[in-house]
Amino acid sequence: MYRNEIEGFIDSHREEMIEDICTLCRINSEKMPYVEGKPYGEGPFQALQAALGMAEGYGFSIRNYDNYVGTADLNDKERQLDILAHLDVVPAGEGWTETKPFEPVVKDGKLFGRGTADDKGPAVAALYAMRAVKELGIPLNKNVRLILGTDEECGSSDIVNYYDKEDEAPMTFSPDAEFPVINIEKGRLEGHFHASFQASEAMPRLVKVEAGIKANVVPGKARAVVEGIDLKTLEAAAEAVEKETGISFVLEGDLPVMTVTAQGEGAHASTPQEGKNALTGLLVYLTRLPFVECPQMDMVKNLLKLFPHGDTCGKAAGISMEDELSGALTLAFSMLTVGADGLEGVFDSRCPICATEESVLGVV
């Protein structure tokens, strides 16, 4: 009934809406260390204050839930619909190439900037939809609440905090997926593991591995320090593995100690097939070097068997599965540290509807 009026309102406020999106996207709101009163650090705090300031400026009643979540209500009637959006972002990392991540620009008819699609842009779009209804005077007999979270990318503890205080509305949707509507979402499994082993000083040896920035990010770079291997051998292995995997390698340092940096392409862990995992590529490289046999390298080789390069569906782990409605399981080996006497790792899996505790967690 009001479609033409709403579309006209949005068209007439297009530039204003783009500027509001840019205001939020100029804020680096990746999760940061806790400081008092700011549960996810300075960036998410600043983004929440800015967004709530916008909503209040447009005449909405707002509430701040201890800087975990902010809300904006369309009216004071009974809540019928919640719109669940978030203001935090995945770190831009080293794979962001189109623009500077926190300096949004309009380019070729598109808006580029960290968070324009996930999820600051959709959050502002939802705010403007509410604004259109409000300023056009479209009558409603129920309330709509926009919920602005600040920890969606790292586990949604913000929303847990919010729903400890508030009941869910009868209806909820999240403007954080593909257009137009998705009514199915895979379950997320974030796995953490660690191992200890006897240290070995025998040469040549692997000194350490450091890879990954967040559990839900396929690493675009991964680094290892090796000792006691000649440059010719290191270069030959790098050339061979690059041909095999598409991962390139940079060698730096002064013999006998060298730093090896594997360079791939980052991606979101929900779509690992869109990236080139530098961590798994680095493991391939390390297993091709003539290290002395030791418990540390046995563990590294076992990790590569479990997470082989290019396996983004959990086939080697024995959990590959898919269904018609939600698609295939995905698995991304996203973080790893290896030292002389231990290692710690993290993987991110998105499990389809057909997944069960027995078919995923129960697999040995």
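This is a predicted model: local features need pLDDT of at least 70, side-chain atom pairs count only at pLDDT 80 or more; totals for chains, interfaces and linings use all residues.
View 1. The partner strand here is E17 (residues 330-338), which pairs with E18 in the antiparallel sense over 8 bridges. To follow the chain from E17 to E18, look for the hairpin of 3 residues that joins them.

**View 2. Strand E18 also pairs with strand E8.** Strand E8 (residues 187-196) and E18 run antiparallel and are linked by 10 bridges. A handy landmark is His192, which sits opposite Val346 in E18. E18 itself, spanning residues 342-351, is mostly covered, with 9 of its 10 residues buried.

**View 3. The largest cavity holds about 80 Å³ of space.** Strand E9 (205-211) and helix H8 (295-306) each contribute at least two lining residues. By type, the lining is made up of 8 nonpolar, 2 polar and 1 charged residues.

**View 4. The second largest cavity has a volume of about 50 Å³.** Among the residues around this cavity are Leu24, Met54, Leu87, Val124 and Leu148. Helix H3 (42-57), helix H4 (120-135) and strand E6 (143-149) each give two or more residues to this lining. What kinds of residue line the second largest cavity? The lining has 10 nonpolar residues, with no polar and no charged ones.

Terms used. Residues are numbered from 1 along each chain as its sequence is written. Side-chain values use heavy atoms; hydrogens and water are left out. On a 1 Å grid over the protein atoms alone, a cavity is a set of points where a 1.4 Å probe fits but cannot get out, and a pocket is an open set with protein on both sides within 12 Å along at least five of seven lines; lining residues have an atom within 4 Å of a point. Grid points are joined across faces, edges and corners, and a volume is the space filled by probe spheres set on the points. Helices (H or I, at least four residues) and strands (E, at least two) are DSSP runs, numbered from the N terminus. Ala, Val, Leu, Ile, Met, Phe, Trp, Tyr, Cys and Pro count as nonpolar, Asp, Glu, Lys and Arg as charged, and the others, Gly among them, as polar. Buried means under 20% relative accessible area, exposed over 50%, partly exposed in between (1.4 Å probe, protein chains only). Two strands pair if DSSP finds at least two bridges between them.
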